[in-house]
Amino acid sequence: MTVNAYGAKFAPLKFSDFMANTPSAAKRARQTERRSLINRRTNTSVKNQLKAVREAFKTGKKDVAQAAAIEFVSTLDKAVKTGNVHRNTASRHKSAVNRALVALH
């Protein structure tokens with residue numbers, strides 16, 4: 001159950017909740033549901049890693065920040081490879097992280 005902005009509880013709809021007219025449409029709905037879950041997991045991972053990097057920079061310790069940055073860049077590159085994040089967006093994030101690392105010393 002999920003709660004919306006007004007406090008009402010509802011079950012989120014899934015692609016398989018809709019009646020498909022053909023077997024191929026039913027299969028595509030199942031595939032889309034599976035892929036959406038994987039994409040959501042990947043995007044959440046990228047966002048959580050970015051938060052971790054920002055927290056590491058707030059500590060002011062270069063070794064902690066560098067370890068977090070390496071992990072973030074790896075996660076970001078995997079997201080680019082699967083098409084979840086645009087390569088220019090990833091490049092921008094990596095550049096910002098590197099600039100912050102240089103400024104941290």
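1. H1 against H2. In this predicted model, the axes of H1 and H2 come within 9 Å and cross at roughly 160°. The two helices are therefore roughly antiparallel to each other, since an angle over 145 degrees counts that way. Their crossing is left-handed. From H1, the contact draws on Thr42, Ser45, Val46, Gln49, Leu50, Ala52, Val53, Ala56, Phe57 and Thr59. From H2 come Val64, Ala65, Ala68, Ala69, Glu71, Phe72, Thr75, Leu76 and Ala79. By class, these residues divide into 13 nonpolar, five polar and one charged.

2. Val46, on the H1 side. Val46 belongs to helix H1. Is Val46 buried or exposed? Its relative accessible area is 11%, so Val46 is buried; the cut-off is under 20%. Beyond its neighbours within four places in sequence, Val46 is in contact with Phe72, Thr75, Leu76 and Ala79. Those four residues are listed on the H2 side of the contact between H1 and H2. Asn88 is 42 residues from Val46 in sequence, and their C-alpha atoms are 15 Å apart.

3. Gln49, also in H1. Gln49 lies in helix H1. Its relative accessibility is 16%, so Gln49 counts as buried. Which residues does Gln49 contact, leaving aside neighbours within four places in sequence? They are Ala68, Glu71, Phe72 and Thr75. Glu71 is 22 residues from Gln49 along the chain, with 7.5 Å between the two C-alpha atoms.

4. H2 against H3. Helix H2 covers residues 62-81. H2 and H3 pack at an angle of about 170°, and their axes are 10 Å apart. H2 and H3 are therefore roughly antiparallel to each other. H2 contributes Lys62, Ala65, Gln66, Ala69, Phe72, Val73, Leu76, Asp77 and Val80 to the contact. H3 contributes Arg87, Ala90, His93, Lys94, Val97, Leu101 and Leu104. The classes here are ten nonpolar, two polar and four charged residues.

5. H1 against H3. H1 spans residues 23-59 and H3 spans residues 87-104. How are H1 and H3 oriented, roughly parallel or roughly antiparallel? Their packing angle is about 15°, with the axes 11 Å apart. H1 and H3 are therefore roughly parallel to each other, as an angle under 35 degrees is counted that way. The crossing is left-handed. Leu50, Val53 and Phe57 of H1 meet His93, Val97, Ala100, Leu101 and Leu104 of H3. This contact has seven nonpolar, one polar and no charged residues. Leu50, Val53 and Phe57 are also listed in the contact of H1 with H2. His93, Val97, Leu101 and Leu104 are listed in the contact of H2 with H3 as well.

6. Asn84, between helices. Asn84 sits in the loop between H2 and H3. Which side chain does the side chain of Asn84 meet in a polar contact? The partner is Asn39, at 3.0 Å. Not counting residues up to four places away in sequence, Asn84 touches Asn39, Thr42, Asn43 and Ala79. Thr42 and Ala79 also take part in the contact of H1 with H2.

7. Gln31, in H1. Gln31 is found in helix H1. At 15% relative accessibility, Gln31 counts as buried. Its side chain joins that of Arg28 through a polar contact of 3.2 Å.

Key: Residues are numbered from 1 along each chain as its sequence is written. This is a predicted model: local features need pLDDT of at least 70, side-chain atom pairs count only at pLDDT 80 or more; totals for chains, interfaces and linings use all residues. Side-chain values use heavy atoms; hydrogens and water are left out. Axes are lines fitted to C-alpha atoms, for helices over the stretch in contact, and angles run from 0 to 180 degrees between N-to-C directions. Angles under 35 degrees count as roughly parallel, over 145 as roughly antiparallel, 65 to 115 as roughly perpendicular and the rest as oblique. A crossing is left-handed if the near helix is turned anticlockwise from the far one by less than a right angle, and right-handed if clockwise. Contact means heavy atoms within 4.5 Å. Ala, Val, Leu, Ile, Met, Phe, Trp, Tyr, Cys and Pro count as nonpolar, Asp, Glu, Lys and Arg as charged, and the others, Gly among them, as polar. Buried means under 20% relative accessible area, exposed over 50%, partly exposed in between (1.4 Å probe, protein chains only). A polar contact is a pair of N or O atoms within 3.5 Å; within protein, one must be able to donate a hydrogen and the other to accept it, and residues adjacent in sequence count only if both atoms are side-chain atoms.
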